[in-house]
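Q: Hi! I've just opened this one and would like to go through it with you. Could you take my questions as they come?

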Amino acid sequence: MSNYSRKSVLLIIAFIVALLFSTLIGFAMLNSNGKTSSELVLVSFLISFISSLILLLFVNVYVFKKINQLLVTVRDFRLQSDKPSSNINYTSNELSNLNSEIVAWAEDRKNEIERLKKLEVYRREFLGNVSHELKTPIFNIQGYILTLLDGGLDDPSINKNYLMRAEKSVDRMITIIDDLESISQLETGELQIEPERFDIAFLVKDVMDAQEMKATAKGIILSLADELKPVFVLADRFRIRQVLVNLIVNSVKYGKEYGETKVRFHDLGNNISIEISDNGIGIDKEHLPRLFERFYRVDKSRSREQGGTGLGLAIVKHIIEAHNQTINVMSTAGVGTVFSFTLKKG
Ligand SMILES: Nc1ncnc2c1ncn2[C@@H]1O[C@H](COP(=O)(O)OP(=O)(O)OP(=O)(O)O)[C@@H](O)[C@H]1O
Ligand SMILES: [Mg+2]
């Protein structure tokens with residue numbers, strides 16, 4: 001409602017009140033002939049018109065001043081929140097502005113509550129998963145120590161062996177803690193990507209050499225297409241090494257005996273696509289959408305048996321996304337799996 005139309009409304013109300021009041025006075029003053037004093041009616045009309053207009057103007061100024069104060073308070077509240085909703089188009093009607101502000105504010109609060117609820121679920125799940133994963137190695141260590149204390153220490157057939165097993169469990173805990181640290185750094189954006197130009201074909205060969213013993217133990221061949229051709233990319237060398245280790249280790253862990261893991265590169269113009277394929281156990285379609293979630297494992301017992309926590313692919317995805325690139329997976333159960341990610345050409 002504009003100022004102009006608001007004033008017209010006030011005038012009309014004052015007019016109606018004055019009309020009613022003067023009509024009442026006119027009726028009250030009717031004499032025996034059925035006549036009334038027209039001066040008296042006119043004076044009462046004028047007095048009631050002016051007084052109701054003054055009263056209405058006062059209420060109008062006071063009420064709209066309060067509405068404007070309320071509008072400013074609600075807007076300030078809304079703008080203080082982390083993610084205020086988009087700007088509101090104000091009109092000259094204070095009441096509808098106030099209404100829009102309150103609606104936007106309520107919407108922001110609703111979104112905030114949803115976000116906090118999701119975070120709470122994530123926090124609970126995360127804590128549950130972490131304690132669950134740490135329990136196994138801790139109980140193992142406890143078991144070995146108790147057996148050693150119960151006389152095993154003097155038994156040369158088990159003492160060294162149990163200490164070595166306990167050490168393996170400690171290693172497992174350290175890996176979990178390291179992975180958790182990487183995840184939390186990547187999720188809070190603390191981890192800075194330091195891009196450099198390097199030959200990723202050389203890095204792949206390096207990672208393959210390091211994993212060769214594990215692969216040969218299963219009869220798996222690790223191969224790189226076009227071994228001699230360098231492929232330059234612009235990325236964080238250390239982090240991409242972590243990605244390659246995760247994907248190549250997975251291809252061996254979940255590969256079939258006497259299988260093969262192949263790495264290929266494709267030139268996509270501005271980017272290079274890196275493809276890691278295996279002919280291992282594969283992954284059922286239903287699991288693919290959740291594969292990159294932290295702690296997600298297709299076959300929990302099989303993965304744990306292999307020393308897996310389900311954090312590897314979550315870390316891989318974070319690293320690739322921190323490079324503003326993408327990672328995809330294609331898999332057929334019983335046939336094999338292909339992971340492919342992109343990097344900027346160097
Ligand atoms: N190449 C693959 N072939 C078949 N299944 C795979 C392959 N890579 C990953 N998976 C499945 O995806 C799950 C998640 O992989 P991820 O690397 O995140 O965890 P993990 O290997 O179990 O443990 P971590 O990597 O933390 O040691 C694995 O448990 C496995 O079930
Ligand atoms: Mg893994």
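Q: Let me start with a detail: which residue with a positive phi follows H8?
A: That's Asn324, with phi near 60 degrees. Keep in mind that this is a predicted model.

Q: Noted. How many residues of H8 are buried?
A: Nine of the eleven, so by the cut-off of 20 or more other C-beta atoms within 10 Å, H8 is mostly covered. The buried ones are Gly312, Leu313, Ala314, Ile315, Val316, Lys317, His318, Ile319 and Ile320.

Q: And what covers the buried residues of H8?
A: The cover includes helix H4 (159-187), H6, strand E6 (327-332) and strand E7 (336-345).

Q: Let's move to the ligand. Which residues are closest to ligand 1?
A: Tyr254, Val298, Gly308, Gly312 and Leu313 are the closest, out of 23 residues that surround ligand 1. The elements that give two or more residues to that shell are helix H6 (237-253) and helix H8 (312-322). Gly312 and Leu313 are also among the buried residues of H8.

Q: Which element gives the most to that shell?
A: H6 does, with three residues.

Q: What's the shell around ligand 1 like by class?
A: It has eleven polar, eight nonpolar and four charged residues.

Q: H6 keeps coming up. How many residues does H6 supply to the largest nonpolar core?
A: The core itself has 31 residues, and those touching the most other members are Ile200, Val243, Leu244, Leu247, Ile248 and Val316. At least two residues each come from helix H5 (200-217), strand E3 (232-235), H6, E5, H8 and E7. H6 supplies seven, the largest share of this core.

Q: What is Ile200 in contact with, leaving aside its neighbours within four places in sequence?
A: Val231, Val233, Ile240 and Ile274.

Q: Back to backbone angles. Where is Tyr258, and what is its phi?
A: Tyr258 sits in the loop between H6 and strand E4 (260-267). Its phi is near 60 degrees, which is positive in a residue other than glycine.

Q: Is Tyr258 buried or exposed?
A: Tyr258 is exposed, because it has 10 other C-beta atoms within 10 Å, and the cut-off for exposed is 12 or fewer.

Q: What about Phe295 and its phi?
A: Phe295 also has a positive phi, near 70 degrees, and again the residue is not a glycine. You'll find Phe295 in the loop between strand E5 (271-278) and helix H7 (300-305). Phe295 counts as partly exposed, because 17 other C-beta atoms lie within 10 Å.

Q: Now the overall picture. How many helices and strands does the protein have?
A: Eight helices and seven strands.

Q: How does the radius of gyration of the protein compare with that of a compact globule?
A: The protein has 38 Å, whereas a compact globule of 346 residues would be near 20 Å. The C-alpha trace spans about 130 × 60 × 35 Å along the principal axes. Buried residues account for 18% of the 346.

Q: Which domains is the protein divided into?
A: Domain 1 covers 3-80 and domain 2 covers 196-345. Their centres, taken over C-alpha atoms, are 80 Å apart.

Q: What share of the contacts between residues at least 6 apart in sequence joins residues at least 24 apart?
A: 68% of them.

Q: Two single residues before I go. Why does Ser331 count as buried?
A: Ser331 counts as buried because it has 23 C-beta neighbours inside 10 Å. It lies in strand E6. Leaving aside neighbours within four places in sequence, Ser331 is in contact with Gly282, Ile283, Leu288 and Thr337.

Q: And where is Arg165?
A: Arg165 is in helix H4. With 15 other C-beta atoms within 10 Å, Arg165 is partly exposed. From Arg165 to Val252 it is 23 Å, C-alpha to C-alpha, and the two are 87 residues apart in sequence.

Methods
Residues are numbered from 1 along each chain as its sequence is written. Chains are lettered from A and ligands numbered from 1 in the order in which they are written. This is a predicted model: local features need pLDDT of at least 70, side-chain atom pairs count only at pLDDT 80 or more; totals for chains, interfaces and linings use all residues. Helices (H or I, at least four residues) and strands (E, at least two) are DSSP runs, numbered from the N terminus. The radius of gyration is taken over C-alpha atoms; the globule rule is 2.2 Å times the number of residues to the power 0.38. Two residues are in contact if their C-beta atoms, placed from the backbone, lie within 7 Å. A residue is near a molecule or strand if its C-beta atom, placed from the backbone, lies within 6 Å of it. Ala, Val, Leu, Ile, Met, Phe, Trp, Tyr, Cys and Pro count as nonpolar, Asp, Glu, Lys and Arg as charged, and the others, Gly among them, as polar. Domain bounds come from an automatic or database domain assignment. A nonpolar core is a set of buried Ala, Val, Leu, Ile, Met, Phe, Trp, Tyr and Cys residues joined through C-beta atoms within 7 Å.
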